[in-house]
Amino acid sequence: MERDILHLAIPAFAIALARVSDPDLRRRPVAVAPGNSERALLQCVSAEARAEGICEGMAVYRARRCCPALILLPPEPRQMARGMRALQELAGRFSPLLEPAAPGRLFLDLTGSRRLLGPGRDAAARLERELGRDLRLAGSVGVAGNKLVSRIAAGYLEQPGVCDILRGSERHFIGPLPVAVLPGVGPARSRQLLQDLNLRRVEEVAALSVAQLRLALGPFAPLLHQRACGIDPSPVRPPQRAPCLGEETYLTAADNDDSALLAALCRLVEDCGRRLRRLGRQTRQLTLTLMYADGVTERGTARLPLPHDLDLPLLAAAEELFLKSCRRRVRLKGLRLDCARLESGPRQLDLFTAAPAAPAAPPVAATLQQALDRLRERYGMGALRWGRSLEGP
Amino acid sequence: MTDFVALHVHSSFSPGWGVHGVEELCAAARAMGLRRLALTDRNGLYGIPRFLEAARAAGLAPIIGAEALAGEHRAVLLARDAEGYGNLCRLLSELHCRSDFDLPTALARYRRGLFIITDHAAVLAPLRRPSPEGLFVELSPGHGMHRALALARQLRLPPVATSRATLLTEQDLDLHRVLRAVALNTKLSRLKPGETATDVDILQSPEKLIHHFPHCPEAMENAARIAGQCRTDWDFSATIFPAFRGLAEEEAFAVLQRRADDGARRRYGRIDATVAARLHKELAIIRDKGFAHYFLVVEEIARQSPRTCGRGSAAASLVAYCLGITHVDPIRHNLFFERFLNPGRVDPPDIDIDFPWDERDAVLDFALARYGAHRAAMVANQVGFKGRAALREVAKVFGLPEAEIRAVTERISGYWKADQTAGAVRTHPLFRGEALNEDWQRVLHLAQRLRGQLRHLSLHCGGLVVVPDELRRYVPVEVSAKGLPVIQWEKEQAEAAGLVKIDILGNRSLAVIRDALEAVRKNTGRDIDYASWQPLDDAATRKLLRAGETMGCFYIESPATRQLLKRMFDDEEATAGADLFEHLIMASSIIRPAANTFIREFVARMRGQSWNCLHPLLDEVLAETYGIAIYQEQITQVAMALADFSAFEGDQLRKILSKKHKEKKLADYRQMFLAGGKAKEIPEDTLAEVWAQILSFAGYSFCKPHSASYALVSCKSAWLKANYPAEFMAAVIANGGGYYAPFAYLSEARRLGLRVLPPDINASDAPYTGQGHNLRVGLMQIQGLGRQALDLLLRTRREGGPFVDFRDFLRRVRMASADVMLLIKAGCFDVLEGRERRPTLLWQLLADRHDCDGGGLLFAEPVAVPDAPAYDNETILRQERECLGMLLSCHPLLLHRRELARLKPVPANQLRQWAGRYVTMVGWWVTGKTVQDKDGRPMEFVSFEDTTALFDVTFFPRAYERFCRQLTRHRPYLLKGKVEEEFGVATLNVEWVGFVA
């Protein structure tokens, strides 16, 4: 059956979202950079800024010199997450088969819905329209017979719109494009191998045999050859729900003082613990992600011998994990704590006791925790905190 | 109570621990009323000679000690007498050199003559058993005093009070903690309590300290008792000479005399009366002073290479010339032996020898093998913090990201001190428009307090110390990262302690001369005898030197020196009679320290301007240098003539000027100079002017013999450049060049009319090679090509002959694919296969490697190599830049032909014709030097080149301030400004900078 795969791409998603809430940012050069340092690196750049010679990875002070009118925004992870959820909701109206690819990008499989939604390009046009109407976002939509070509098609347009590739002509469409459009051809592969071998366009790669390509690319050759021919059999996979929960925090100012970092970690543990207890689950594995100011991200994992859901034992384990994982001197800008391998707590009821009767007294720690939770339910998280979650003077 | 003595004190010579310099500590101790002070730096005697000097200057009696810290054990050790000092040195040497060092065991062996003070039971208990003598238990506030007191009672040992002084005030703790974090490579919040000093580890006055010992007053008294028994009249002034082959003094002198006579006959053919008299005079002083051993040791080392350059004042010695240590004839060039050795001189002579840079390690190995590690070791460099390192390290402790740190530090000169850096960041135009945030303010505040704090030792570039008996008696010895033994003192302190240093230095130009001479011999059969070579007899060489076309020539190739030579000899008539060699000596001396005004005056006088000395008394002293003090020894002579200094005092003044720590003594000498002059009724303003001239040379001037030695090497380089430019330029680049990058030398070669040939798989050697009019790029230029691969290639080619084609190469040389790829992209196979086949060769290589690695299946057909299209021109140039690090096939400015035709810039070789006018020029950056004008504002001299010539450009402070942030080395510049001409040399004063698109 002929497949109809849509790829929705919203360029510079973080900036597009910011422009929704602040229309003043439209048609002006905008970039996203973390922290307030002059030397922070740009994460996301608007088309207007790009036209001024600014690109992702450039330092703020250099970007400002290239484009004095540049507006800088801090990263807003929460806004990004909300925006992505809204995008999925909108796309979900068309098909349940959707796969988020990256921030501001998702695949949608409309195969077999032609009688319901009309041809793929019509659905794409509708999707684009609704995106503008409901979310006030502008994006381009690529429509093709597979994920690979629909993605390339979405990136092909310079303006927002729909790019529909005739089924069967995928190879001819991507043939004249530079090899860098193919997934798996990053800067390193492109520069070191393909430029040296003078392979500049996709059709030149497609013209080689797999055996020849294998000489240069080894085991990656069959896949790249397939891609160069515009073939991609991979299905659109809706995200799998992993049984874990996590919390993250960004510090107000990047810091390398352990007391401040441990305070932030304690707040994360409190939040995670509270969510665990609400779900009635306990965790056996903590994963701590450290986001350094220089862009490096490190991860450490600790397996707990016993499952826990109370703040204090979780905190002890998290602190130990932190001291083990955080070996660099560079400041941290954010921390993320994930609890995995969730288990249901002991909920076995006493067989011979009448249900409403008082259960056996829980241990003191659990009682204390319950009391804390009740207070926090009523008066908010800030009403009562562990002392170590507060930053020192 | 004033008898109390602080017995445990750390100075900034405690690596990664101490905060204050010995001078500050001594001053503070004196202000507290202490009369004695011990210095106990951690695991070393790194600052003892300086401490002795500082303590005496402050009126304190110095006690020598150290805190030994090894594993779990710790003890403060104080030298009671000379034997104790020797044992302390030996113990500390073992601590650094032996991996199985154990403090209690070592103390049992070396405890004689030492006081041992510690609160570690594991150290005291085993020592207590044989004898309690010299053992004390350390009681310090804040360090478990009750436990220590209990230990004292249990072992029945006397307690002694210390304050473990690291800080002078509580505010020093911040800096100390930063130092610890730097040393331990951690951050402040991870420092454990035992890893830093506490806020009570302060140098305390006896009155304050006694409040901590109400229960144990005898601890304070014991401190005074120990100090009373320690020697304080240390005298390190005796010179310790090496001994030559175990000869007695008389035997050594006889050998020296014989060798000097032989050498004189070799050098002069026969010994005439002048030579004989001079030899006799020198030998007499050498004999009186007992320096014969020293000369023989140096001669033996110098003989390890046929091409050396004995530098420093030793070049004034005829004995050194006859022994082949130096190569300038001191009689012919009127060099005074007294500058090197005189009867009044008390400190040891100093002979430095340059060897070709690639032979230096072998010479050092020879010397260390000859005398053994127990008698010889290298001199150390004590590495502290300079401006850039201080800022970088403190910023790292505060967790600032690398990119952010680099963005600040790359604008800081490596020569600035820490406190200069802090000032520069606030005022320097490179930092204009950037408000430093609070974090950086704090980093700067701490970094500017990092000055002399010792971090670690490194090897001095060539200083070797040899003693007649056991080195570890005199100074603790460590092992360097290279595995060489190294003493704990740098050269000033080693000299202050009487150790004689022989400098064995590497010199690239000697290797250049060696390689060029060898190439000339190979190419033309002409063999030049290095010892009798007289380069200035050659007219072409003289012309080249007078024209300042000396790029590539040793020591006189910098833009400033080339300009100076041009200015000096531009007027051929006026300077025709000038002795070229003498003037080269002056040029290479004056260029180093002097301010521009002196140089201008010097050139004007040389070209005939009338002049008078500042005072008639100076006429005789300064006659040969046009009334301007140029040489170091002239400082001595000026002081003698004007202020009646004795030869010894004058020499001391000269030495102080060239030393690092001079502020205080210099003031004394200034007073002495002014008073001496006044007594001779010399006007005060003349004296002040002369003193200012003397000071302008501080620390940088050369003595004439040294400059003469250098000038001789310069002349030899110039001879080679004038007569065999291809061989010479090839040798210059092959030896890593000097002042310029290889690209600049290649441009110079083109200007000399040489053809620069690309690397070739059959024709190129590893180094650059030159013959006739051709300069062939060596395979060493290919960036990233492994040494092993290169050796393999050359061996295969030598054994099996040239390669026929690429297949032949692949068949014969089993090299890593990455290396072959580099050879292809560098164009090494272009001659065999043609440039257009480069991508096809890469495919061939891949196919070949695939087959060899067993990638092909047994019955699979071999993969057909695709016929790839040729690279476009842009790709070829990119590959050239990537593989060779520069553009070789053409000058980068030629890539902008169209734009240049539109701009119509003035060609550099016509610059002089445009003097006094405003012009537009196009240039490629060659080299630059940032300096400060007389008001301390930064400015820069930059050399550019276009396709016709080099030209020099001045960014005066205003232009520098405006454009310094744009200066880069990778783009063609568009420069607008006014052409200035002075003494026949035209330079461009820039007023506007842009870039060619």
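Predicted model: local features only at pLDDT ≥ 70, side-chain atom pairs only at ≥ 80, totals over all residues.
Gly16(B) counts as partly exposed, because it has 16 C-beta neighbours inside 10 Å, and 20 or more would be needed for a buried residue. For a sense of distance, take Ala224(B), which is 208 residues away from Gly16(B) along the chain; their C-alpha atoms are separated by 29 Å.

Helix α7 of chain B covers residues 172-184, which makes 13 residues. From its first C-alpha to its last it reaches 18 Å, close to the 18 Å expected at 1.5 Å a residue. After α7(B) comes Asn185(B), with a positive phi near 55 degrees.

Now the domains of chain B. There are entries for domain 1 (22-229), domain 2 (385-451), domain 3 (509-712), domain 4 (754-884) and domain 5 (892-995). Domain 1 and domain 2 of chain B have their C-alpha centres 34 Å apart. Their contact takes seven residues from domain 1 of chain B and six residues from domain 2 of chain B. On the domain 1 side, the classes are five nonpolar, no polar and two charged residues.

Helix α27 spans residues 632-643 and has twelve residues. It reaches 17 Å from first C-alpha to last, close to the 16 Å expected at 1.5 Å a residue. How many of the twelve residues of α27(B) are buried? Eleven are, which leaves α27(B) mostly covered. Among them are Gln632(B), Glu633(B), Ile635(B), Val638(B) and Leu642(B). Just after α27(B), Asp644(B) takes a positive phi of about 55 degrees.

A pair of helices comes next. At what angle do the axes of α21(B) and α31(B) cross? Helix α21 has residues 539-546 and helix α31 has residues 704-723, both of chain B; their axes come within 8 Å and cross at roughly 110 degrees. That makes α21(B) roughly perpendicular to α31(B). On the α21(B) side the contact is made by Ala540(B), Thr541(B), Leu544(B) and Leu545(B). On the α31(B) side the residues are Cys715(B), Ala718(B), Trp719(B), Lys721(B), Ala722(B) and Asn723(B). By class, this contact has seven nonpolar, two polar and one charged residues.

One more glycine in chain B. Gly506(B) has its place in strand β13, residues 501-507. Buried or partly exposed? Gly506(B) counts as partly exposed, because it has 18 C-beta neighbours inside 10 Å. Leaving aside neighbours within four places in sequence, Gly506(B) is in contact with Phe355(B), Trp357(B) and Arg360(B). Thr308(B) is 198 residues from Gly506(B) in sequence, and the two are 9.7 Å apart in space, C-alpha to C-alpha.

Now chain A. Chain A has 15 helices and twelve strands. Its C-alpha atoms fill a box of roughly 75 × 60 × 50 Å along the principal axes. Of its 393 residues, 36% count as buried. Among the contacts in chain A with a separation of 6 or more, 60% are between residues 24 or more positions apart. The division of chain A is domain 1 (1-167), domain 2 (169-240) and domain 3 (245-345 + 362-389). The centres of domain 1 and domain 3 of chain A, taken over C-alpha atoms, are separated by 33 Å.

Last, the two chains together. Here 21 residues of chain A are in contact with 27 residues of chain B. On the chain A side, the elements that give two or more residues are α11 (210-217) and α13 (258-279). α11(A) gives the most, with four residues. The chain A side divides into eight nonpolar, five polar and eight charged residues.

Technical notes:
Residues numbered from 1 in each chain as written. Chains lettered and ligands numbered in written order. Contact = placed C-beta atoms within 7 Å. Nonpolar A, V, L, I, M, F, W, Y, C, P; charged D, E, K, R; others polar. Domains from an automatic or database assignment. Axes fitted to C-alpha atoms, helices over the stretch in contact; angles between N-to-C directions. Parallel < 35°, antiparallel > 145°, perpendicular 65-115°, else oblique. Expected span 1.5 Å × (residues − 1).
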